[in-house]
Amino acid sequence: GSEDLLGELRGQPAIVAGNAKGVFEEVKAAESAMGRSVIFAANDVGVYLAHIDHMVSLHAPKLDHWAGLRRDATSKGYGNKDFRVHDGGLYGEREWHQWTGLTPMMALSGLFASQIAYLMGCQPIVLCGCPTDSTACFW
């Protein structure tokens, strides 16, 4: 279960990538400033980043699709295939890490991803493309 992941990344820097316009430039700047960081990708941006360590969403029906696209052997241009998948357990059981029972559970996928990074022990955690307002999406 997800409880096994608590503190697993203690002290490692993390970048949480959301899907707002400018996310790719923000991730590049964060990587330049922090060096190798654990990448938590929220929602569909996880399909497009060169490297991710965790794909996170509160939208499990879409997450099935996004994780599948990234892992599809014919999608060679989408980067690494070895990443963990997380959701909030809102749509029934899945074959990945489900963070059920979090109180509170952050209501936006990018903030939920930062919550997971925190629970896993990451420090610092930098949010890129997670403005929490009506900023346009990268697509």
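User: Where does R70 lie, and what makes that element a helix?

Analyst: R70 lies in helix α3, residues 60-71. Helices are DSSP runs of H or I with at least four residues, strands are runs of E with at least two, and both are numbered from the N terminus. This is a predicted model, in which local features need pLDDT of at least 70 and side-chain atom pairs count only at pLDDT 80 or more, while totals for chains, interfaces and linings use all residues. Residues are numbered from 1 along each chain as its sequence is written, and side-chain values use heavy atoms, with hydrogens and water left out.

User: Why is R70 called buried?

Analyst: Buried means under 20% relative accessible area, exposed means over 50%, and partly exposed is in between (1.4 Å probe, protein chains only). R70 has a relative accessible area of 0%, so R70 is buried.

User: What lies 2.8 Å from a polar atom of the side chain of R70?

Analyst: The backbone oxygen of G46 lies at that distance from the R70 side chain.

User: Where is N43, and why is N43 called buried?

Analyst: N43 is in the loop between β2 (38-42) and α2 (45-48). Its relative accessible area is 12%, therefore N43 counts as buried.

User: What makes the pair N43 and S109 a polar contact?

Analyst: A polar contact is a pair of N or O atoms within 3.5 Å; within protein, one must be able to donate a hydrogen and the other to accept it, and residues adjacent in sequence count only if both atoms are side-chain atoms. The side chains of N43 and S109 are joined by such a contact of 3.2 Å.

User: Which residues is N43 in contact with, leaving aside its neighbours within four places in sequence?

Analyst: Contact means heavy atoms within 4.5 Å. With those neighbours left aside, N43 is in contact with V56, S57, L58, H59, W66 and S109.

User: What is the phi of N43, and what is that of T132?

Analyst: Phi of N43 is near 60°, a positive value in a residue other than glycine. T132, also not a glycine, has a positive phi of about 60°. Most residues other than glycine have a negative phi, and most peptide bonds are trans.

User: Is T132 buried or exposed?

Analyst: T132 lies in the segment after β6. T132 is called exposed because its relative accessible area is 51%.
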